[in-house]
Structures are given as C-alpha cells and as structure tokens.
Amino acid sequence: ELRFRSKPDKAYRRWNVAAGFKFGLLVQSHTKYQDKDIKQKTFNIDNLNLLNYGPTFRFGYGQVSLYGYYAISNLFENGKGPWVTPFNFGLVLAPF
C-alpha cells in the first residue's frame with residue numbers, strides 16, 4: 001500500500017490517500033441454509049478460484065475514510081460458473 005498524508009491542521013487533522021493491491025488465498029468454502037424445517041451446511045464448493053486479487057483504495061480526512069476493493073479475478077474458474085466479480089466498500093473510523 002502506498003500512502004500520502006498532508007500536513008496536519010491546527011486540530012491535527014490531515015488528508016490521507018492510500019492505494020494498494022491485495023492478494024487472497026481460499027482456505028475453506030461453505031454455505032449455510034436454514035428454514036423452519038431444514039438446516040443444511042455444505043462444505044467445499046466446487047469451481048471456486050483459489051486465488052483472488054485486486055486493487056484497494058482509501059481516501060479520507062481526519063479520522064474518517066472511505067475504503068474500496070475491486071477484485072480483478074473472477075470468483076469461479078473460467079467456464080465453470082457465472083461471471084461474478086467481488087467488490088466491497090465502506091467507511092473507516094480510526095479513533096487514534
């Protein structure tokens with residue numbers, strides 16, 4: 001991750017920007033299903049990619065930042081499932 005932080009103002013708040021790259025390795029996969037009659041848990045879902053990777057970013061001011069990640073890799077192996085590209089975003093609160 002590469003980070004940039006501006007000089008702090010009088011209240012010691014500063015702008016911050018960060019960009020990076022994330023790699024992930026699948027260790028285990030499972031699904032859960034439950035309704036009033038059935039409770040089912042399935043392990044080792046077929047055709048999931050073992051590796052996922054993609055860029056990350058963070059942008060904020062003071063103790064509040066926005067975070068995002070977009071996977072370049074597909075969730076399933078090529079031709080063995082739907083084209084699903086994971087992404088996530090959120091708000092980061094860093095009290096210190």
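E1 is exposed, with a relative accessible area of 52%; exposed denotes a value over 50%, buried a value under 20%, and partly exposed anything in between, for a 1.4 Å probe and protein chains only. The pair that E1 forms with R58 links distant parts of the chain, the two residues being 57 residues apart. E1 belongs to the segment before β1 (2–5), whereas R58 lies in strand β5 (residues 51–61); strands here are DSSP runs of E with at least two residues, helices are runs of H or I with at least four residues, and both are numbered from the N terminus. The model is a predicted one, in which local features need pLDDT of at least 70 and side-chain atom pairs count only at pLDDT 80 or more, while totals for chains, interfaces and linings use all residues. Residues are numbered from 1 along each chain as its sequence is written, and side-chain values use heavy atoms, with hydrogens and water left out.

The contact between R58 and E1 is a salt bridge, with an N to O distance of 2.8 Å; the term requires a side-chain nitrogen of Lys or Arg within 4 Å of a carboxyl oxygen of Asp or Glu. R58 is partly exposed, at a relative accessible area of 25%. E1 also forms a salt bridge with R3, where the closest N and O atoms are 2.8 Å apart. R3 is exposed, its relative accessible area being 65%.

Side chains of opposite charge can pair when their charged atoms come close. Another such pair is formed by R13 and D9, whose side chains meet in a salt bridge at 3.8 Å, N to O. Both residues are partly exposed: R13 has a relative accessible area of 41%, and D9 has one of 30%. Under the rule applied, the count comes to 4 salt bridges.

Attention now turns to N74. This residue lies in the loop between β6 (64–70) and β7 (87–93), and N74 counts as buried at 6% relative accessibility. Leaving aside neighbours within four places in sequence, N74 is in contact (heavy atoms within 4.5 Å) with N49, P82, W83, V84 and T85. For V84, the backbone nitrogen lies 2.9 Å from a polar atom of the N74 side chain. N74 and K22, by C-alpha positions, are 14 Å apart in space and 52 residues apart in sequence.

Note on methods. Polar contact = N/O pair within 3.5 Å; in protein donor to acceptor, adjacent residues only side chain to side chain.
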